[in-house]
Amino acid sequence: MTLGADRVSRSADGRLILDRVGVAPPAGAVTGLLGPNGSGKSTLLRLLCGVLRPASGVVTLDGRPLDGLRRRDVARRVAVVEQQADTLVELTAGDVVRLGRIPHRRAWAPPSPADERAVRDALVRTGLADRADRPWHTLSGGERQRVQIARALAQEPRELLLDEPTNHLDIQHQHDLLHLVRSLPVTAVVALHDLNLAAMYCDHLVVLRQGRVVASGTPQEVLTETLIADIYGVRVTVTACAPDDRPHIRVLGTVTHDR
């Protein structure tokens with residue numbers, strides 16, 4: 001068992017953000033959250049990690065309500081990579097990655113050899129071993145994003161939630177990152193805008209529109225020309241690509257509506 005949400009709703013400033021949303025990410029797989037801006041993807045991720053509480057419905061971890069678990073226990077299981085992160089404190093890249101070990105350490109205890117191994121491994125996996133001593137404020141946007149991913153990996157989670165993690169990354173690092181996520185022994189939920197990246201690297205997709213789930217299933221089941229036109233307002237062709245027939249989307253133009 002792993003994370004799940006059952007009919008969760010959430011409002012902000014009098015506006016309904018999520019409306020009775022249910023998701024059950026397959027254990028050990030990569031689930032992609034798709035949908036236009038404002039569809040509720042980021043809010044759903046924050047509910048799944050316990051940063052926000054649903055107004056109704058329940059989020060569970062291994063079948064137990066998340067709000068009944070200790071925050072430290074949740075933090076040992078669930079790692080989150082937000083869209084943007086910053087700090088006013090003078091930290092190096094390695095210092096930021098070490099923050100991922102906090103749930104595994106006693107208060108005020110120095111890093112253990114196991115902590116340092118986890119940090120080094122995370123830096124290597126994200127291609128940042130040579131930047132560990134670089135001050136955070138000197139890093140590029142893409143490097144900062146990879147440092148945040150390394151921090152999440154150093155946490156050694158069983159569930160990994162990523163909110164548009166390919167933002168600020170060039171094409172090579174986008175593919176390197178998602179290939180890495182697929183290789184990890186975790187249940188991953190990834191909010192993405194790029195439909196082709198979602199098709200290539202996700203095992204399962206959930207599509208949101210205006211706070212509701214409108215489709216879920218494999219990339220082959222979900223990414224159809226009709227759904228993409230309906231949800232995103234663009235005309236596309238969808239072709240199956242070898243060797244596993246994953247869909248490839250080519251945009252032709254915007255949908256025109258008869259008046």
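**Stop one: a loop residue**

Select D13, which sits in the loop between β1 and β2 (15–23). This is a predicted model. Now check the backbone. D13 is not a glycine, yet its phi is positive, at about 55 degrees. Most residues other than glycine have a negative phi. Is D13 buried or exposed? D13 has a relative accessibility of 86%, so it counts as exposed, the cut-off being over 50%.

**Stop two: inside a strand**

R7 lies in strand β1, which covers residues 3–12. Here, too, look at phi: for R7 it is near 50 degrees, a positive value in a residue that is not glycine. Switch to a surface view next. R7 is exposed, with a relative accessible area of 55%.

**Stop three: a helix pair**

Select residues 113–125 for helix α4 and residues 141–154 for helix α5. How far apart are their axes? The axes are 8 Å apart, and the helices pack at an angle of about 140 degrees. Angles over 145 degrees would count as roughly antiparallel; α4 and α5 are therefore oblique to each other. The crossing of α4 past α5 is right-handed.

Now show the side chains at the contact. On α4, pick A118, V119, A122, L123 and R125. On α5, pick A150, L153 and A154. Colour them by class: the contact of α4 with α5 has seven nonpolar residues, one charged residue and no polar ones.

Note on methods: Residues numbered from 1 in each chain as written. Predicted model: local features only at pLDDT ≥ 70, side-chain atom pairs only at ≥ 80, totals over all residues. Heavy atoms only, no water. Helix = DSSP H or I, 4+ residues; strand = E, 2+ residues; numbered from the N terminus. Buried < 20%, exposed > 50% of the residue type's maximum accessible area, 1.4 Å probe, protein only. Axes fitted to C-alpha atoms, helices over the stretch in contact; angles between N-to-C directions. Parallel < 35°, antiparallel > 145°, perpendicular 65-115°, else oblique. Left-handed = near helix turned anticlockwise from the far one by under 90°. Contact = heavy atoms within 4.5 Å. Nonpolar A, V, L, I, M, F, W, Y, C, P; charged D, E, K, R; others polar.
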